[in-house]
Amino acid sequence: MATEFKGVFPVNEMDFTIDKASETARSSTPSYVTIADMESASVAIDTGVETWNPLEAKGWQRALATAKSITISMSGKRNVGDPGNDYVASKAWTNGQACNTTYKISFPNGDTLEVPCVIQVKSLAGADSTNVAPLEFDLVSDGKPKYTASASTSSTDESGTVNSETGSN
């Protein structure tokens with residue numbers, strides 16, 4: 001049985017993995033691997049909001065969230081020979097569906113987030129002569145993610161899958 005998790009946690013207790021099985025497009029049988037030597041991960045969620053000013057609102061604006069996207073920005077060191085690091089770095093030289101994959105974040109409480117994405121390599125070499133070569137990239141969402149609540153955080157159904165439209169199980 002999973003232990004219930006409560007409280008704050010350091011970012012290094014989150015597991016960031018990428019589907020290496022996706023060599024030319026998204027894989028139907030994912031093979032998630034860690035990307036070695038990453039030092040930071042930033043999760044950005046963007047909400048597209050349309051606003052309008054109807055006459056009956058007497059000058060007050062209305063708004064509706066109409067779109068979402070997630071971008072994970074990661075930076076660290078280029079580690080030649082690590083399967084995850086090599087996989088991401090290889091996408092610097094490809095275009096189209098060859099850059100598509102899926103990433104997965106596992107949270108300390110057991111929840112997971114799987115997001116279809118496009119790998120956008122931003123830096124994989126260069127710096128001062130005494131620096132270790134960098135690897136910096138964005139994982140830009142490409143479609144609807146799947147958020148799965150762990151058994152310890154899911155209270156309304158056995159599947160643990162959270163409906164990303166309503167935010168509930």
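Which residue is the bridge partner of T112 in β8? Read on to point 4 for that one.

1. Ground rules. This is a predicted model, so to speak of local features a pLDDT of at least 70 is needed, side-chain atom pairs count only at pLDDT 80 or more, and totals for chains, interfaces and linings use all residues. Numbering starts from 1 along each chain as its sequence is written, and side-chain values use heavy atoms, with hydrogens and water left out.

2. Overall layout. The chain has 1 helix and 9 strands, in the order β-β-β-β-α-β-β-β-β-β from the N terminus. Helices here are DSSP runs of H or I with at least four residues, strands are runs of E with at least two, and both are numbered from the N terminus. Of the 169 residues, 31% count as buried; buried means under 20% relative accessible area, exposed over 50%, and partly exposed in between (1.4 Å probe, protein chains only).

3. Contacts and surface. Take the contacts between residues at least 6 apart in sequence: 57% of them join residues at least 24 apart, a contact being heavy atoms within 4.5 Å. The chain exposes about 10400 Å², and carbon and sulfur atoms supply 51% of that. Areas come from the Shrake-Rupley method with a 1.4 Å probe, and for residues only the protein chains shown count as cover.

4. Around β6. Back to the opening question: T112 has T148 as its bridge partner in β8. β6 and β8 (residues 146-148) run antiparallel and are joined by 3 bridges; two strands pair if DSSP finds at least two bridges between them. β5 and β6 form a hairpin with 5 residues between them, and G110 in the turn has a positive phi of about 100°.

5. Salt bridges. I'd look at these next: the structure holds 3, each being a side-chain nitrogen of Lys or Arg within 4 Å of a carboxyl oxygen of Asp or Glu. E39 and K77 form one, with the closest N and O atoms 3.8 Å apart. E39 sits in β3 (residues 38-52) and K77 in β4 (residues 62-77), so this pair ties together parts that are 38 residues apart in sequence. E39 is exposed at 59%, while K77 is partly exposed at 28%.

6. The other two. K122 and D138 meet at 3.1 Å, N to O. K122 belongs to β6 (residues 112-123) and D138 to β7 (residues 134-141), so the pair ties together parts 16 residues apart in sequence. K122 is exposed, at 53% relative accessibility, but D138 is buried, at 9%. R78 and D86 form a salt bridge too, with the closest N and O atoms 2.9 Å apart; R78 is partly exposed at 22%, and D86 is partly exposed at 26%.

7. The helix and what follows. In α1, the buried residues include G84, Y87 and V88. At the start of α1, a side-chain oxygen of D82 reaches to within 3.2 Å of the backbone nitrogen of G84. K91 is in the loop between α1 (83-90) and β5 (100-106), and K91 is buried, at 4% relative accessibility. A polar atom of the K91 side chain lies 2.8 Å from the backbone oxygen of A98.

Definitions and conventions: Polar contact = N/O pair within 3.5 Å; in protein donor to acceptor, adjacent residues only side chain to side chain.
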